[in-house]
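This briefing goes through one protein chain by topic. Please keep the sequence and the model in view while reading.

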Amino acid sequence: MERELLESKIELKRAELVHIASKYGLSSTNTIQYSQELDNLLNEYTPLQFHEHKKVAYN
């Protein structure tokens with residue numbers, strides 16, 4: 001997935017998570033599901049960020 005698109009998805013999911021958590025509480029199943037979805041997006045993003053940083057460092 002393209003880095004910019006992934007960053008947008010992360011920000012959207014983060015905003016949704018904050019909304020759901022404030023509405024249903026931190027331990028609700030909805031909040032946990034959104035949190036896990038955000039974790040998955042962040043897990044996709046981390047290698048891209050590392051790869052980009054490594055590429056810049058060697059140039």
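A residue counts as buried under 20% relative accessible area, as exposed over 50%, and as partly exposed in between. Glu 37 is therefore partly exposed, since its relative accessibility is 26%. The model is a predicted one. Its chain has 59 residues, of which 19% are buried, and its secondary structure consists of 2 helices and 0 strands.

**Overall layout**

- Helix α1 covers residues 3-24, and helix α2 covers residues 29-58.
- With 22 residues, α1 reaches 31 Å from its first C-alpha to its last, close to the 32 Å expected at 1.5 Å a residue.
- Taking contacts in the chain between residues at least 6 apart in sequence, 58% join residues at least 24 apart.

- Leu 6, Ile 10, Lys 13, Leu 17, Ile 20 and Ala 21 are the buried residues of α1.
- These buried residues fall within an arc of 100° when seen down the axis of α1, so they line one face of the helix.
- The other side of α1 carries the exposed residues Leu 12, Val 18, Ser 22 and Lys 23.

**The nonpolar core**

- The largest nonpolar core has 6 residues: Leu 6, Ile 10, Leu 17, Leu 38, Leu 41 and Tyr 45.
- Both α1 and α2 give two or more residues to this core.
- Ile 10, one of the core residues, is in contact with Leu 38, Leu 41, Leu 42 and Tyr 45, leaving aside its neighbours within four places in sequence.

**Salt bridges around Lys 13**

- How many salt bridges does the structure hold? There are 4 salt bridges in the structure.
- Lys 13, Glu 16 and Glu 37 are linked in a network of salt bridges.
- Is Lys 13 buried or exposed? Lys 13 counts as buried because its relative accessibility is 14%, a value under the 20% cut-off.
- Glu 16, by contrast, is partly exposed at 28% relative accessibility.
- Which residues does Lys 13 contact, leaving aside its neighbours within four places in sequence? Lys 13 is in contact with Tyr 34, Glu 37, Leu 38 and Leu 41.

**The salt bridge between Arg 3 and Glu 7**

- The side chains of Arg 3 and Glu 7 meet in a salt bridge, with a distance of 3.2 Å, N to O.
- Both residues belong to helix α1 and are 4 residues apart, about one turn of the helix.
- Arg 3 is partly exposed, with a relative accessible area of 27%, and Glu 7 is partly exposed at 29%.

**From α1 to α2**

- Gly 25 follows α1 and has a positive phi, near 95°.
- Ser 28 sits in the loop between α1 and α2 and counts as buried because its relative accessibility is 15%.
- A polar atom of the Ser 28 side chain lies 3.4 Å from the backbone oxygen of Gly 25.

**Asn 30 in α2**

- Asn 30 lies in helix α2 and counts as partly exposed, at 31% relative accessibility.
- Leaving aside its neighbours within four places in sequence, Asn 30 is in contact with Ile 20 and Tyr 24. Ile 20 is one of the buried residues of α1.
- Asn 30 and Leu 17 are 13 residues apart in sequence, and 8.8 Å separates their C-alpha atoms in space.

Methods: Residues are numbered from 1 along each chain as its sequence is written. This is a predicted model: local features need pLDDT of at least 70, side-chain atom pairs count only at pLDDT 80 or more; totals for chains, interfaces and linings use all residues. Side-chain values use heavy atoms; hydrogens and water are left out. Buried means under 20% relative accessible area, exposed over 50%, partly exposed in between (1.4 Å probe, protein chains only). Contact means heavy atoms within 4.5 Å. The expected span of a helix is 1.5 Å times one less than its number of residues. The arc is that of the directions from the helix axis to the C-beta atoms. A polar contact is a pair of N or O atoms within 3.5 Å; within protein, one must be able to donate a hydrogen and the other to accept it, and residues adjacent in sequence count only if both atoms are side-chain atoms. A nonpolar core is a set of buried Ala, Val, Leu, Ile, Met, Phe, Trp, Tyr and Cys residues joined through side-chain atoms within 4.5 Å.
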